[in-house]
Amino acid sequence: KSGFATLIGRPNVGKSTLMNQLIGQKIAITSNKPQTTRNRIQTVYSCDAGQIVFVDTPGIHKAKNKLGEYMVNVAERTLSEVDVILWLVEPTTFIGAGERHIAEQLKKTTTPVILVINKIDTVKREDILRFIDEYRKIYDFAEIIPVSALKGMNTDDVIDSIFKYL
Ligand code: GDP
Ligand code: MG
């Protein structure tokens, strides 16, 4: 099997850390600055089961200028072109306007979305469950996977789930 996936989420939720953990080497650029990734960077994961091409997207938010508009367009186009979307969140950040905006954008596509809840090493189990309930209210996820990208907890499940949708 082979196909395309994209990883979306707020700055600092651990997108680069997860990519590095999945790929097994430092390819993605880890940065605290939003909008470091201005265009599509593709990272290829291959194993016996096949290949996943990760297409990086600029952030999905309301554009404030021309460059912002361009990036938002690239991001929205990417969402409908890939086989599966990974939406990475951290359980310490509550759902706000940004998350609702992303959920609305996701409803415009038929691409399956996997909610990946990162940094589970930092919170209690019951908090994760409550967090999952909240996210279920804003979008009908194909799957929900709690992980710790930093510790490599459950990250293999992410790969297995992606392959289901390729
Ligand atoms: P990005 O902006 O979404 O690419 O986020 P980064 O990958 O740059 O991570 C932002 C910060 O969160 C870094 O300090 C990471 O070390 C930290 N981080 C990422 N994943 C985890 C995790 O699973 N657990 C903990 N405790 N910290 C994490
Ligand atoms: Mg990053």
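Start by selecting leucine 86: it has 24 C-beta neighbours inside 10 Å, so it counts as buried. You are looking at a predicted model. Leucine 86 sits in strand β4. Now show what surrounds it. Setting aside neighbours within four places in sequence, leucine 86 is in contact with Ala5, Thr6, Leu7, Ile114, Val116 and Val158.

**Zoom out**

Show the whole protein as a cartoon. Count five helices and six strands. Trace them from the N terminus, and the order is β-α-β-β-α-β-α-β-α-β-α. The protein has 166 residues, and 29% of them count as buried. Next, think about contacts between residues at least 6 apart in sequence. Of these, 69% join residues at least 24 apart.

**The nonpolar core**

Which residues have the most contacts inside the largest nonpolar core? Select Ile85, Leu86, Trp87, Leu88 and Val116. The core they belong to has 33 residues. Strand β4 gives the largest share of the core, six residues. In soluble globular proteins, nonpolar side chains tend to be buried together.

Stay here and pick valine 116. Not counting residues up to four places away in sequence, valine 116 touches Leu86, Trp87, Leu88, Ile145, Val147 and Val158.

Move to isoleucine 102, in helix α3. Is isoleucine 102 buried or exposed? It counts as buried, because it has 25 C-beta neighbours inside 10 Å. Beyond its neighbours within four places in sequence, isoleucine 102 is in contact with Ile8, Ile60 and Trp87. The C-alpha atoms of isoleucine 102 and glutamate 143 are separated by 17 Å, and the two residues are 41 apart along the chain.

Select residues 15–23, which form helix α1. Its buried residues include Lys15, Ser16, Thr17, Leu18, Met19 and Leu22. Step just past the helix to glycine 24, where phi is positive, about 85°.

On the α1 side, the contact is made by Leu18, Gln21 and Leu22. On the α5 side, Thr155, Val158 and Ile159 take part. The contact residues divide into four nonpolar, two polar and no charged.

**Around ligand 1**

Select ligand 1 and the 16 residues around it. Gly14, Lys15, Ser16, Thr17 and Leu150 come nearest. What is the make-up of this shell? Its residues divide into four nonpolar, nine polar and three charged.

Click on glycine 14, in the loop between β1 and α1. Glycine 14 counts as buried because it has 23 C-beta neighbours inside 10 Å. Its contacts, leaving aside neighbours within four places in sequence, are Leu88, Glu90, Asn118, Lys119 and Ala149. Now find glycine 96. Glycine 14 and glycine 96 are 82 residues apart in sequence, and 18 Å apart in space, C-alpha to C-alpha.

**Two backbone angles to check**

Most residues other than glycine have a negative phi. Two residues here go the other way.

Pick lysine 119, one of the contacts of glycine 14. It lies in the loop between β5 and α4 (125–138). Phi of lysine 119 is near 65°, a positive value in a residue other than glycine. Lysine 119 is buried, because 24 other C-beta atoms lie within 10 Å.

Finish at asparagine 154, in the loop between β6 (143–146) and α5. Its phi is also positive, about 65°, although asparagine 154 is not a glycine. Is asparagine 154 buried or partly exposed? With 17 other C-beta atoms within 10 Å, asparagine 154 is partly exposed.

Definitions and conventions. Residues are numbered from 1 along each chain as its sequence is written. Chains are lettered from A and ligands numbered from 1 in the order in which they are written. This is a predicted model: local features need pLDDT of at least 70, side-chain atom pairs count only at pLDDT 80 or more; totals for chains, interfaces and linings use all residues. A residue is near a molecule or strand if its C-beta atom, placed from the backbone, lies within 6 Å of it. Ala, Val, Leu, Ile, Met, Phe, Trp, Tyr, Cys and Pro count as nonpolar, Asp, Glu, Lys and Arg as charged, and the others, Gly among them, as polar. A residue is buried if 20 or more other C-beta atoms lie within 10 Å of its own, exposed if 12 or fewer, and partly exposed in between; C-beta atoms are placed from the backbone. Helices (H or I, at least four residues) and strands (E, at least two) are DSSP runs, numbered from the N terminus. Two residues are in contact if their C-beta atoms, placed from the backbone, lie within 7 Å. A nonpolar core is a set of buried Ala, Val, Leu, Ile, Met, Phe, Trp, Tyr and Cys residues joined through C-beta atoms within 7 Å.
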